[in-house]
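Here's a quick briefing on the fold, the packing and a few residues worth a look. Have the viewer open as you read.

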Amino acid sequence: MKISIVIPAYNEEATIEEIVEKVQAAPLPGGLTREIVIVNDGSKDRTKELLNRFEGQPNTIVIHQANQGKTGALLTGFKNATGDIILIQDADLEYDPDQYPKLLQPILDGTTQVVYGSRFLGNIEDMQPINRWANETSNRTFSFLYGHKITDINTCYKVFTRRAWEGMVITSKNFAFETEFTVKLLHRGFLIQEVAIDYTARSREAGKKIKWSTALEMFWPIIKYRFIPVS
């Protein structure tokens with residue numbers, strides 16, 4: 001079996017080389033082979049230049065596109081992924097690729113087709129109190145409205161089979177992907193299994209892009225999709 005690791009990147013010159021190297025070296029269970037799909041989403045810094053060294057490497061696809069937001073970058077990555085399993089990896093260093101084995105094992109065991117890595121079940125370092133509050137509010141609201149407990153809907157680490165993804169149409173823009181994708185998985189009848197992960201937050205100064213407008217953009221679909229039918 002093959003896993004496609006999709007890395008959306010926007011202005012990540014400080015971390016892009018290190019995270020790709022970590023993904024290349026990350027352990028994989030069960031004899032999985034890896035494919036890395038990196039989508040440079042119109043970066044204005046040196047991200048494109050730094051990615052040049054990875055172009056042409058075996059099992060590595062580097063795509064440059066005009067800026068379409070995180071959702072647009074993810075959709076491009078999914079379109080070009082050929083693996084049996086897809087894993088989303090942010091281009092910063094908040095999420096450690098060494099955690100891949102525990103994210104992948106439930107799928108390999110056949111107990112689920114979707115795994116979310118939950119920061120709130122694991123160990124969180126350096127997350128600002130306001131960011132923790134916003135995440136926990138989203139998680140509780142989602143769990144209440146949909147009757148399915150999710151402890152970390154906004155986690156980067158979403159791992160799923162090709163079957164779970166195929167045919168899904170995502171209409172959201174930017175960071176609202178997290179909610180729409182989760183709602184549509186549940187609508188399709190897929191069980192989302194969460195596993196505990198370690199997480200080290202970065203600061204705004206270090207390049208973190210989440211702000212209040214982003215948080216609202218991510219929260220509103222939780223309400224919207226509860227009352228608007230999804231396909």
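**Briefing**

I223 sits in helix α8 (residues 212–227); helices here are DSSP runs of H or I with at least four residues, strands are runs of E with at least two, and both are numbered from the N terminus. This is a predicted model, where local features need pLDDT of at least 70, side-chain atom pairs count only at pLDDT 80 or more, and totals for chains, interfaces and linings use all residues. Residues are numbered from 1 along each chain as its sequence is written, and side-chain values use heavy atoms, with hydrogens and water left out.

**I223 and its contacts**

- I223 is partly exposed, with a relative accessible area of 25% (buried means under 20%, exposed over 50%, partly exposed in between, using a 1.4 Å probe and protein chains only).
- I223 touches T141 and L145, leaving aside residues up to four places away in sequence; a contact here means heavy atoms within 4.5 Å.
- Along the chain I223 and L145 are 78 residues apart, yet C-alpha to C-alpha they are 8.0 Å apart in space.

**The sheet**

- Seven strands make an open sheet with mixed pairing, in the order β3-β2-β1-β4-β6-β5-β7; two strands pair if DSSP finds at least two bridges between them.
- The edges are β3 (60–65) and β7 (192–200), each of which pairs on one side only.
- On average, neighbouring strands of this sheet are turned by 20° against each other, direction ignored. Axes are lines fitted to C-alpha atoms, for helices over the stretch in contact, and angles run from 0 to 180 degrees between N-to-C directions.
- As background, strands of a sheet pair through backbone hydrogen bonds, either parallel or antiparallel.
- β4 (residues 85–88) and β6 run antiparallel and are joined by 3 bridges, with I86 having F160 as its bridge partner in β6.
- β5 (residues 114–125) also pairs with β6 in the antiparallel sense, over 3 bridges, and here the bridge partner of Y116 is K158.
- β5 and β7, by contrast, run parallel and share 8 bridges; V115 stands opposite Q193 in β7.
- Within β6 (residues 158–161), K158 and F160 point one way and V159 and T161 the other way, and all are buried.

**Helices against the sheet**

- α4 (100–108) lies across β1, β4, β5, β6 and β7, running at about 175° to β7.
- α7 packs on the sheet too, touching β4, β5, β6 and β7, and its direction makes about 35° with that of β6.
- Which residues of α1 are buried? In helix α1 (residues 16–25), they include I16, I19, V20 and V23.
- Seen down the axis of α1, its buried residues fall within an arc of 100°, so they line one face of the helix; the arc is that of the directions from the helix axis to the C-beta atoms.
- Those buried residues of α1 pack against β1 (2–9), β2 (33–41), α2 (47–51) and α4.

**Helix α3**

- α3 (residues 69–80) has 12 residues and reaches 17 Å from its first C-alpha to its last, close to the 16 Å expected at 1.5 Å a residue. The expected span is 1.5 Å times one less than the number of residues.
- 9 of the 12 residues of α3 are buried, so this helix is largely enclosed by the rest of the structure; among them are G69, K70, T71 and F78.

**Charged residues in helices**

- E180 belongs to α7 (residues 177–187) and is buried, at 0% relative accessible area.
- A polar atom of the E180 side chain lies 3.0 Å from the backbone nitrogen of T171.
- E180 touches V169, I170, T171, S172 and Y225, not counting residues up to four places away in sequence.
- K22 is in helix α1 and counts as partly exposed, at 35% relative accessibility.
- K22 touches L93 and P97, again not counting residues up to four places away in sequence; the C-alpha atoms of K22 and P97 are separated by 6.4 Å, though the two are 75 residues apart along the chain.

**Positive phi in loops**

- N11, in the loop between β1 and α1, has phi near 55°, a positive value in a residue other than glycine, and is partly exposed at 28% relative accessibility.
- D126 is in the loop between β5 and α5 (129–146); its phi is positive, about 70°, although D126 is not a glycine.
- Is D126 buried or exposed? At 55% relative accessibility, D126 counts as exposed.

How values were computed. Polar contact = N/O pair within 3.5 Å; in protein donor to acceptor, adjacent residues only side chain to side chain.
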